[in-house]
Amino acid sequence: MRLGRLHEKCMEVLAGADIQFNRSHRLDVCLVRNHNIALIFLPAADIPRFVGLGNVDLGITGEDVILESQMENRVRNLLKLGFGKCKLQVQAPEHGAMAIKTIEQLAGKRVVTSFNHVAAEYFEKIDAQAGLTGDQKTQIEYVGGSVEAACALGLADGIVDLVESGETMRAAGLHAIATVLETEAVLISNRADHEVSDPTTDFKRPEHAKLITQIQQRIAGVLAANKYVVCQYNVPRDLLEDAVKITPGRRAPTISPLVNGDEGWVAVSVMVEKKTVAVVMDQLVAIGAHDVFVVKLENCRV
Ligand SMILES: Nc1ncnc2c1ncn2[C@@H]1O[C@H](COP(=O)(O)OP(=O)(O)OP(=O)(O)O)[C@@H](O)[C@H]1O
Ligand SMILES: O=P(O)(O)OC[C@H]1O[C@H](OP(=O)(O)OP(=O)(O)O)[C@H](O)[C@@H]1O
């Protein structure tokens with residue numbers, strides 16, 4: 001990871017997992033203070049290769065770049081990280097003489113992209129469906145950046161590029177005519193590294209395997225702490241079934257008696273997705289729950 005789209009979120013994940021380090025200005029390698037780990041800051045596109053070839057044990061990068069670097073069989077996706085979400089889309093001019101509305105219209109023409117492996121694989125199928133062979137097939141050409149300018153410059157009839165908000169695409173007068181894939185950031189390890197059935201008995205590198213599992217668990221905890229809050233409330237026992245339907249929890253709610261000995265009431269503690277919590281609280285109050293409050297999770301293990 002480095003100062004790209006994924007950098008800031010990667011730093012949040014590392015901080016949440018209590019991986020402490022000082023990175024010297026312009027240095028791409030640094031040692032972690034509180035673990036026996038070195039961090040390496042690489043361009044997102046290089047990370048699958050370093051992890052896949054075993055030079056680095058764990059990496060954070062986009063699913064798109066794993067496919068583009070053809071490392072999907074050499075890395076293991078340990079966790080989807082919930083950020084860096086975007087789509088790799090086929091785009092073409094929306095209006096004017098060069099306008100293209102469907103993927104079939106683009107088949108056999110010129111496509112420019114930074115994702116030439118993924119695009120070639122995608123158009124292989126489109127060409128086959130359209131019955132295009134030999135010189136008739138779609139021509140895929142690589143450019144390193146400013147892909148969206150290719151159509152206006154007369155280099156291409158369409159492009160394959162990432163779309164998040166769609167702002168870049170619209171500003172270039174393009175529209176999406178097909179989605180090649182949806183992607184997000186993932187935590188990856190080398191396949192062989194993680195093929196350890198029991199980290200505590202792996203005779204080759206037990207400490208190493210244990211550390212990989214520990215970091216994975218910590219990061220999973222950070223993600224859950226960002227996604228969930230804990231909701232607590234009191235509810236009459238005869239309404240508990242309805243309340244549990246509203247708040248089923250990740251696994252199940254914890255139900256406790258009230259210490260004042262009121263047999264008719266129970267206290268409920270349950271994890272609720274942050275994005276739904278306001279509606280959930282409304283629903284709990286509507287069925288007769290009292291003292292509903294929400295606690296932010298600082299960290300957790302799930
Ligand atoms: N709007 C977006 N545009 C491009 N990539 C995005 C976007 N949103 C998420 N991503 C993800 O971020 C990845 C690129 O990561 P990043 O920008 O960190 O690359 P980098 O090479 O490390 O940095 P830089 O581009 O500064 O060299 C993409 O492959 C994709 O998975
Ligand atoms: O849909 P949007 O929100 O506009 O985002 C999409 C743009 O972001 C990416 O480029 P980035 O800015 O990462 O730089 P790059 O062109 O150097 O890859 C991508 O290549 C698009 O150009």
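These legends walk through a few views of a predicted model. Residues are numbered from 1 along each chain as its sequence is written, while chains are lettered from A and ligands numbered from 1 in the order in which they are written. Since the model is predicted, local features need pLDDT of at least 70 and side-chain atom pairs count only at pLDDT 80 or more, while totals for chains, interfaces and linings use all residues.

View 1. The C-alpha trace spans about 80 × 50 × 40 Å along its principal axes.

**View 2. An open sheet of three strands.** Here 3 strands line up in the order β3-β10-β4, with antiparallel pairing; two strands pair if DSSP finds at least two bridges between them. At the edges are β3 (58-62) and β4 (75-80), each pairing on one side only. On average, neighbouring strands are turned by 35 degrees against each other, direction ignored. (Axes are lines fitted to C-alpha atoms, for helices over the stretch in contact, and angles run from 0 to 180 degrees between N-to-C directions.)

**View 3. Where β3 meets β10, and the helix that packs on the sheet.** Strand β10 (residues 185-190) is joined to β3 by 5 bridges. One to look for: G62 has A185 as its bridge partner in β10. Helix α8 (residues 206-227) packs on this sheet and touches β3, β4 and β10, where contact means C-beta atoms, placed from the backbone, within 7 Å. The direction of α8 makes about 30 degrees with that of β4.

**View 4. Ligand 1, between two domains.** Domain 1 and domain 2 both give residues to the shell around ligand 1, so the ligand lies between them. Of the 17 residues around ligand 1, the nearest are G4, R5, A44, G62 and E164; to be near, a residue needs its C-beta atom, placed from the backbone, within 6 Å.

**View 5. The surroundings of ligand 2.** Among the residues around ligand 2 are R5, G145, E148 and E164. Two elements, β8 (158-163) and α6 (167-171), each give two or more residues to this shell.

Notes:
Helices (H or I, at least four residues) and strands (E, at least two) are DSSP runs, numbered from the N terminus. Two residues are in contact if their C-beta atoms, placed from the backbone, lie within 7 Å. Domain bounds come from an automatic or database domain assignment.
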